[in-house]
Amino acid sequence: MQWETVIGLEVHVQLATRSKIFSGASTAFGSEPNTQASAVDLGLPGSLPVLNEQAVAMAVQFGLAVHAGIPEVSVFDRKNYFYPDLPKGYQTSQMYHPIVGPGEVEITLDDEVTKRIRIHHAHLEEDAGKSLHEDFQGMTGIDLNRAGTPLLEIVSEPDMRSAREAAAYLKAIHSIVTYLGISDGNMAEGSMRCDVNVSVRPKGQEAFGTRAEIKNVNSFRFVERAIAFEVERQIELIEDGGEVVQETRLFDPERDETRSMRTKEEANDYRYFPCPDLLPVVLDQAYLDHLKGQLPELPADKRARFQNELGLSAYDANVLSASREMAEFFEEAHQVCGDAKQAANWVQGELSGALNRENLGVVQSPVSAQQLGQLIKRVVDGTINGKAAKEVFQALWNGQGRDADEVIEAKGLKQVTDTGAIEAMIDEVIAENPAQVAQYRDAEPDKRGKMIGYFVGQVMKASRGTANPQQVNGLLKEKLDALR
Amino acid sequence: MHNQTVTQLAAALKSGELSSREITAHYLQRIERLDGKLNSFISVTAEQALNGAEAADKARAAGDTHALAGIPLALKDIFCTKGVKTSCGSKMLDNFEAPYDATVVEKLSAAHTVSLGKTNMDEFAMGSSNENSHYGPVKNPWDLTAVPGGSSGGSAAAVAAGLVPAALGTDTGGSIRQPAAFCGITGLKPTYGRVSRFGMIAYASSLDQAGPMARSASDCAHLLNVIAGHDVRDSTCATRGVPDYTEQLNAPLSGLKIGLPKEYFGEGLNADVERAVREAVKVYESLGATVREVSLPHTHYAIPAYYVIAPAEASSNLSRYDGVRFGHRCEDPKDLIDLYTRTRAEGFGEEVKRRILIGTHTLSEGFFDAYYIKAQKVRRLIRQDFLDAFEDVDVLMGPAAPTTAFDLGAKKDPVSMYLQDIYTIAVNLAGIPGMSVPAGFVDGRPVGLQILGTHFAEAQLLNVAHQFQQATDWHLQRPALAEENA
Amino acid sequence: MALEESHVRRAAHLARLAISDDQAGRFVDDLSQILDMVDQLQQVNTDGVAPLAHPLDATQRLRADEVTDTNQRDEYQRCAPAVEDGLYLVPRVVE
């Protein structure tokens with residue numbers, strides 16, 4: 001039987017506010033336990049929540065970025081359950097009237113294939129604290145620093161049909177939230193986490209199969225692997241005559257498998273009801289227009305512009321627009337050098353290679369976009385050749401020299417294009433290599449092409465790489481062929 | 001001295017006739033000597049009070065013009081007070097010292113009033129007799145075999161007995177007005193949102209409101225001047241400006257339109273209480289007011305709606321008492337569920353458990369729409385009843401409670417206790433302000449006249465109450481206990 | 001809507017309240033009485049009436065995104081029943 005996979009994602013994005021969603025405590029990551037847990041975050045008696053305007057603005061910006069409707073009124077509800085990392089015994093969330101209505105995101109699969117994934121809604125809520133399971137005399141330690149960090153939970157429709165689509169969707173969301181600057185998107189620190197709903201159904205069947213929810217998957221790779229495993233598990237189960245049960249599962253990256261999380265857990269009853277400590281949030285059109293006016297160019301628009309206006313390939317446009325930092329670096333370099341294709345090549349080639357080797361992000365690049373742009377400009381205008389350019393890049397990377405011109409000057413890498421000078425070097429090489437010259441002369445004309453490479457190398461060496469290679473090639477051929 | 005009103009004491013302080021230290025010491029002595037009979041205080045903070053009194057005297061000498069500087073007050077033990085036990089009448093918080101002051105406490109301190117201590121109350125403000133306190137019941141100063149009402153029973157009894165000139169209470173379904181009525185004092189529940197709830201331990205967040213309990217409307221006006229106003233720490237606190245509530249006190253009442261809701265004079269109302277209330281209304285007529293009957297057709301449904309909404313909010317508000325970060329924790333929990341269930345079983349009393357269970361049940365799957373959503377719809381109808389009535393009349397009047405104070409232990413089943421609040425509870429659902437003022441006695445126990453106004457009409461209510469107190473002396477009557485000298 | 005003991009037990013479980021068999025019986029009686037009283041709500045025609053969650057028709061005010069609360073861990077943990085290394089301790093949580 002042919003099976004079809006159906007996937008929906010719930011992505012939790014920690015919003016990059018300075019303070020918490022309902023208190024004035026800092027949201028900074030990695031502080032001493034409970035030093036950033038205020039009375040509100042701890043649920044101390046008498047404490048009350050007050051909503052952070054930035055959390056609202058960020059949620060709305062996301063909504064606008066995914067072309068979602070923003071309802072005039074949204075309401076916070078309480079989700080009631082007991083857990084040690086949930087200090088008040090309820091999570092303040094939005095069940096019935098979320099801040100962001102239905103929207104959609106375009107994902108890119110192959111270079112040319114795109115697909116729209118519908119977003120059901122996105123709502124604001126508070127993050128929980130953390131349980132630390134190291135041994136404290138057989139007890140668990142509770143750190144509530146994270147409690148109250150604003151989260152935007154983005155709930156997709158079950159529109160994805162493969163692990164690859166799910167990963168592409170997650171990347172698209174990541175790209176949007178980082179473009180907007182509403183989250184640092186740091187998955188390792190938990191700034192972005194997702195729950196994956198997976199089911200399978202016979203191809204052609206309309207009704208959905210029973211789904212399993214894989215909780216808290218925290219990397220793009222894990223999403224793909226967790227789904228791959230889960231799909232296989234479900235298909236095998238059904239083909240062996242079994243049935244998928246609706247349950248929550250956990251992905252174990254070490255064993256590369258998902259397993260059931262709650263064996264004896266009874267069905268939850270969260271008793272959602274409107275939070276009486278918070279009033280309805282009312283957003284007017286002027287506010288929405290104001291935020292709309294502040295939206296940056298988003299990844300999809302940038303990708304289109306890179307292709308249509310700068311003439312980049314779909315592939316290049318996709319890679320370069322994936323992160324806002326990368327895109328901005330590329331655009332600045334392009335502005336300086338004026339050659340989009342060259343700039344794209346350099347950013348994706350030499351620069352990305354060097355960054356990856358040293359495990360740096362583009363914002364930490366020792367070579368600035370200005371510097372790279374100028375370097376490329378010198379290649380484009382023929383001041384240096386490609387080989388020298390790589391040397392200049394390395395020098396700039398190592399901090400030797402303020403800019404490309406200074407390095408070119410200091411290292412004498414300026415390309416030699418003076419025919420006389422090149423001819424003089426060629427004459428010298430010919431004179432110094434009589435045996436090779438003789439071989440060349442005696443060879444069949446169709447073999448000569450290969451043999452000329454040796455002489456080009458010698459001339460380039462003699463010029464310390466600065467001779468224009470095309471000129472060297474042409475002049476050498478002329479001279480050697482003229483020898484009798 | 002202890003039979004004087006806040007207004008009188010403030011004048012004596014201003015003229016230098018009395019010092020805050022003298023006044024404070026006098027009341028502290030009375031508490032020490034007499035509160036054994038009443039049990040109206042959970043904590044008495046004598047040392048802090050005397051220090052505060054000295055500071056207030058110095059401030060006055062240095063030109064502090066706060067009207068209430070140096071006036072001793074008591075706080076219902078529901079208000080967080082930094083470094084002082086804040087128990088909320090519960091074993092759960094018997095060991096809890098709040099790390100901050102409630103906004104009203106801050107405001108009272110800034111005005112240089114002096115807190116004598118924290119008054120007894122029904123546990124988590126759930127009750128109408130003050131018999132639900134972990135610290136034992138409070139007795140009514142007029143008759144020690146009677147309840148003082150609840151949940152602000154300690155504040156009401158302490159003021160009535162002259163242990164303190166005024167106190168703060170809170171009112172979620174009548175918890176200021178009913179004990180004020182039972183103890184023969186004046187109590188005001190302001191409009192929801194008029195006074196900050198920050199630092200006031202929550203029972204039912206959409207209904208809770210703090211207010212003054214004192215010997216006269218004028219005293220209540222002075223206190224409301226201090227505690228009312230916007231607070232950035234409470235999202236539900238109103239932003240509108242605060243008038244001087246003493247300014248309108250003396251406005252004449254000629255032309256005042258009074259409505260008597262017919263539903264407040266029906267079956268269940270004690271005939272003697274009704275007589276006293278109607279006598280009071282006659283006083284108003286003599287002051288130039290006109291009286292007409294009005295109808296609040298959904299009155300009957302206020303208690304049912306309240307006993308869905310309040311327990312629902314309470315069940316959630318009280319989830320934070322889990323033995324992890326503060327408060328009671330059971331001995332040697334064997335696992336997490338044991339920690340939770342035993343801590344909460346030990347820490348909460350019967351009535352609190354009942355309301356948590358009702359609230360949990362009515363919010364749970366399959367019942368939410370039938371109970372909670374239905375109750376909220378009825379809540380809107382109840383509010384609309386009042387808004388409609390205030391189209392025709394300025395204030396509404398009726399009894400604050402169906403009877404005078406009942407005997408301790410008299411109400412055995414929960415529902416008959418709940419029915420005590422039949423005339424007060426709709427007011428909280430609607431969010432409007434209400435007062436109870438002394439209006440006579442039945443068999444030696446006080447009767448309270450309830451006066452209701454539309455949202456933010458506190459100044460008018462205080463005016464209406466004050467004019468009554470200019471024409472009558474019910475509010476000047478004192479129980480024998482208050483006549484005893486310290 | 002008749003209240004069964006199972007309802008009370010379920011609510012007690014959700015609310016994390018330990019109740020003995022004896023108490024369960026009493027709560028069934030008390031709560032039944034209360035819910036019978038509450039059931040009067042069903043007599044009210046509420047067609048077309050919107051639920052009212054707050055007595056005033058006010059809307060949420062927003063707070064500027066500023067860090068205003070500084071570390072007060074010691075103060076806050078003074079009233080905590082069990083703390084170690086700044087962490088609140090609870091019986092082992094099994095995930």
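**View 1. Strand β1(A) has buried side chains on both of its faces.** Trp3(A), Thr5(A), Ile7(A), Leu9(A), Val11(A) and Val13(A) point one way from β1(A), while Glu4(A), Val6(A), Gly8(A), Glu10(A), His12(A) and Gln14(A) point the other way, and all are buried. Here, buried means under 20% relative accessible area, exposed means over 50%, and partly exposed is in between (1.4 Å probe, protein chains only). In a regular strand, side chains alternate between the two faces of the sheet. The strand covers residues 3-14 of chain A, and 12 of its 12 residues are buried. Helices (H or I, at least four residues) and strands (E, at least two) are DSSP runs, numbered from the N terminus.

Before we go on, please note that this is a predicted model, where local features need pLDDT of at least 70, side-chain atom pairs count only at pLDDT 80 or more, and totals for chains, interfaces and linings use all residues. Residues are numbered from 1 along each chain as its sequence is written, chains are lettered from A and ligands numbered from 1 in the order in which they are written, and side-chain values use heavy atoms, leaving out hydrogens and water.

**View 2. Follow β1(A) to its partners β11(A) and β10(A).** Two strands pair if DSSP finds at least two bridges between them. β1(A) and β11(A) run antiparallel and are joined by 11 bridges; look for Gly8(A) opposite Asn197(A). With β10(A) (residues 150-156), β1(A) also pairs in the antiparallel sense, over five bridges. There, Glu10(A) stands opposite Val155(A).

View 3. Is Ser199(A) buried or exposed? Its relative accessibility is 4%, so Ser199(A) counts as buried. Leaving aside neighbours within four places in sequence, Ser199(A) is in contact (heavy atoms within 4.5 Å) with Glu4(A), Thr5(A), Val6(A), Gly209(A), Thr210(A), Arg211(A) and Gln234(A).

**View 4. Strands from chains A and C share one open sheet.** Four strands line up in the order β8(A)-β9(A)-β3(C)-β2(C), with antiparallel pairing. Why is one side of β8(A) and of β2(C) left without a neighbour in the sheet? β8(A) (130-136) and β2(C) (83-84) stand at the edges, each with a single partner strand, so one side of each has no neighbour there. β2(C) pairs with β3(C) (residues 87-91) over two antiparallel bridges, and Val83(C) has Tyr88(C) of β3(C) as its bridge partner.
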